[in-house]
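Hi,

Here is the structure for you to look over. My notes follow below it.

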Amino acid sequence: MSQPMEDRVAQAMAHLKAAEQAAASARAELDAASVTARSADRSVRVSVGAKGELTSLEFLDGKYRTMAAAQLSAAVLEAANTARAEMARRVVDVLDPLTRMTARGAAPERMGVDWESVFGSLLSETAVAKGPTAMSRLRDEIVEDDEEPAAPPGAAHGRGDGRRERQGGA
């Protein structure tokens with residue numbers, strides 16, 4: 001038994017109206033969304049909007065005054081990427097159900113949006129459960145360099161400025 005055409009059209013229109021309302025609600029939620037993150041060394045705080053754009057950048061407690069330029073740069077990038085990754089996860093959480101809607105209900109898993117292709121490695125590379133990222137490794141390397149204790153006078157080898165030279169090809 002086939003359904004009368006009017007019933008199918010009414011169902012499709014109701015589904016379309018529900019999808020439009022869900023999309024409007026998602027847009028309003030994301031328009032108001034903001035994520036704030038701090039660098040691991042707590043020297044920088046960054047806020048981003050729903051599109052990943054920087055909306056705020058703060059240097060905390062005057063720490064930037066004693067930081068090397070590369071260290072400060074790494075802290076800013078780390079905080080920005082952390083905030084952008086959290087916002088990307090929020091966008092996926094809000095929009096993924098909408099991308100799976102079809103005229104007959106929920107779409108099969110394979111019909112959803114490939115969020116990895118939209119956000120690249122941002123979702124996976126900065127996940128909290130994962131190990132260190134490229135940015136955190138860079139920050140750690142910079143911090144390690146800056147934190148090397150100066151050798152006592154007369155005990156330094158190499159440059160004569162109290163710092164050890166790196167061994168190897170680096």
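This is a predicted model, and the count of aromatic pairs in it comes to one. The partners are Phe59 and Tyr64. Their ring centres lie 5.5 Å apart, with 50° between the planes.

Next, the strands. β1 covers residues 34–38 and β2 covers residues 44–49. They run antiparallel and are joined by five bridges. The hairpin has five residues between the strands. There, Arg42 takes a positive phi near 65°.

In a regular strand, side chains alternate between the two faces of the sheet. β1 has Val35 and Ala37 on its covered face. Ser34, Thr36 and Arg38 make up the uncovered face.

Last, the largest pocket. Its volume is about 330 Å³. The lining has 16 residues. Nearest the centre lie Leu30, Ala50, Lys51, Gly52 and Val91.

Which helix gives the most to this lining? That is α2, with five residues. Helices α1 (5–31) and α2 (69–99) each supply at least two. By class, the lining of the largest pocket holds nine nonpolar, five charged and two polar residues.

Best wishes

Definitions and conventions:
Residues are numbered from 1 along each chain as its sequence is written. This is a predicted model: local features need pLDDT of at least 70, side-chain atom pairs count only at pLDDT 80 or more; totals for chains, interfaces and linings use all residues. Side-chain values use heavy atoms; hydrogens and water are left out. Rings of Phe, Tyr and Trp (its six-membered ring) pair if their centres lie within 6.5 Å; planes under 30 degrees apart count as stacked, over 60 as edge-to-face and the rest as tilted. Buried means under 20% relative accessible area, exposed over 50%, partly exposed in between (1.4 Å probe, protein chains only). Helices (H or I, at least four residues) and strands (E, at least two) are DSSP runs, numbered from the N terminus. Two strands pair if DSSP finds at least two bridges between them. On a 1 Å grid over the protein atoms alone, a cavity is a set of points where a 1.4 Å probe fits but cannot get out, and a pocket is an open set with protein on both sides within 12 Å along at least five of seven lines; lining residues have an atom within 4 Å of a point. Grid points are joined across faces, edges and corners, and a volume is the space filled by probe spheres set on the points. Ala, Val, Leu, Ile, Met, Phe, Trp, Tyr, Cys and Pro count as nonpolar, Asp, Glu, Lys and Arg as charged, and the others, Gly among them, as polar.
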